[in-house]
Amino acid sequence: MGITIKNKKEIDLMRVGGKMLGDIVEELGRMVKAGISSWDIEKKSQALLQHYKVKPAFLNYLGYPCVSCVGLNDTAVHGIPSKDEILNEGDIVSIDMGLIYQGMYLDHAVTVPVGKISSESAKLINVTRDAMKAGINQAKEGNTVGDISHAIQTTAELAGFSVIRQMVGHGVGYQVHEPPQIPCFGEKGTGEMLEEGMTLAIEAMVNAGGAEILILEDGWTTKTQDGKNSAIFEHTIVVGEKKSEILTE
Ligand code: MF3
Ligand code: CO
């Protein structure tokens with residue numbers, strides 16, 4: 001399957017589902033405080049999906065066991081929530097969630113502070129959000145995937161951080177992961193051409209130290225090799241003629 005263009009009706013559905021996911025992740029972010037576990041975030045995620053009467057997008061995807069991915073500090077992406085993992089003051093926590101609304105898939109992630117955090121951690125969060133936004137700003141008709149990738153990479157690297165290379169953003173909508181792959185690094189003007197109506201999950205995955213990550217024995221959790229912090233921000237967007245529209249806000 002190549003890159004798909006969604007029609008107006010499908011994009012309207014994704015707008016409604018995206019608003020729900022934006023609200024859900026915002027509420028999850030608000031519950032973050034020292035003393036709760038990453039499993040508490042998973043429980044709340046399950047409850048919110050039920051409240052909105054929508055289905056989880058991640059549960060059982062390639063065998064993934066939860067509806068959310070939650071990762072602390074040096075956990076990069078796809079952290080599996082656990083009762084034994086307690087949030088402490090000064091940690092940063094990444095929350096990644098997906099849902100299915102009327103058959104359409106949405107994907108969204110944020111990184112939030114636990115109480116008061118170091119200025120280095122705050123900078124990592126801000127730069128990673130900025131990198132995602134710089135990528136999103138490139139997602140318009142006539143640009144290419146490489147324009148998005150390049151914007152994410154330069155924003156992160158100019159701040160002295162590095163981007164993860166083994167994981168990518170992606171098309172989204174009929175499934176969690178569709179073409180194209182959208183790396184966090186790349187050259188302007190390269191890769192697939194963007195067209196109005198493409199729906200993309202643009203992800204900035206940024207490490208405070210080196211780019212290398214390790215996948216743990218659970219087959220999902222990834223950690224930075226050097227033990228330094230990692231952050232992620234991700235929005236589902238629709239490519240427009242002049243600019244993109246964020247759906248998961
Ligand atoms: N947002 C994550 C990603 O695009 C979610 C993947 S689905 C999961 O990689 F099953 F791995 F959680
Ligand atoms: Co994603």
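Here are some questions and answers on a predicted model and the ligand it holds.

Colleague: Which pocket does ligand 1 take?

Modeller: Start with the space around the ligand. Pockets are found on a grid over the protein atoms alone. By that search, the space that ligand 1 takes is the largest pocket.

Colleague: How do the residues of the shell around ligand 1 divide into nonpolar, polar and charged?

Modeller: The residues around ligand 1 include Phe-58, Tyr-61, Tyr-64, Cys-69 and Trp-220. The shell divides into five nonpolar, three polar and four charged.

Colleague: Which residue has a polar side-chain atom 3.0 Å from a nitrogen atom of ligand 1?

Modeller: A polar side-chain atom of His-170 lies 2.9 Å from an oxygen atom of ligand 1. For His-177, the distance to an oxygen atom of ligand 1 is 2.8 Å. The nitrogen atom at 3.0 Å belongs with Asp-107.

Colleague: How much of the area that ligand 1 exposes alone does the protein bury?

Modeller: Take the ligand by itself to begin with. Alone, ligand 1 exposes 330 Å². Of that area, the protein buries 97%.

Colleague: Which residue forms a salt bridge with Arg-15, and how many residues apart are the two?

Modeller: The salt bridges in the model come to nine. In one of them, Arg-15 pairs with Glu-245, with the closest N and O atoms 2.7 Å apart. Arg-15 sits in helix α1 (residues 8-31), and Glu-245 in strand β12 (residues 245-246). The pair links distant parts of the chain: Arg-15 and Glu-245 are 230 residues apart.

How values were computed: Residues numbered from 1 in each chain as written. Chains lettered and ligands numbered in written order. Predicted model: local features only at pLDDT ≥ 70, side-chain atom pairs only at ≥ 80, totals over all residues. Heavy atoms only, no water. Near = heavy atom within 4 Å. Polar contact = N/O pair within 3.5 Å; in protein donor to acceptor, adjacent residues only side chain to side chain. Areas by Shrake-Rupley, 256 points an atom, 1.4 Å probe, with all protein chains shown as cover. 1 Å grid on protein atoms, 1.4 Å probe; cavity = no way out; pocket = protein on both sides within 12 Å on 5 of 7 lines; lining within 4 Å. Sits in = over half its atoms within 2 Å of the grid points. Nonpolar A, V, L, I, M, F, W, Y, C, P; charged D, E, K, R; others polar. Salt bridge = Lys/Arg side-chain N within 4 Å of Asp/Glu carboxyl O. Helix = DSSP H or I, 4+ residues; strand = E, 2+ residues; numbered from the N terminus.
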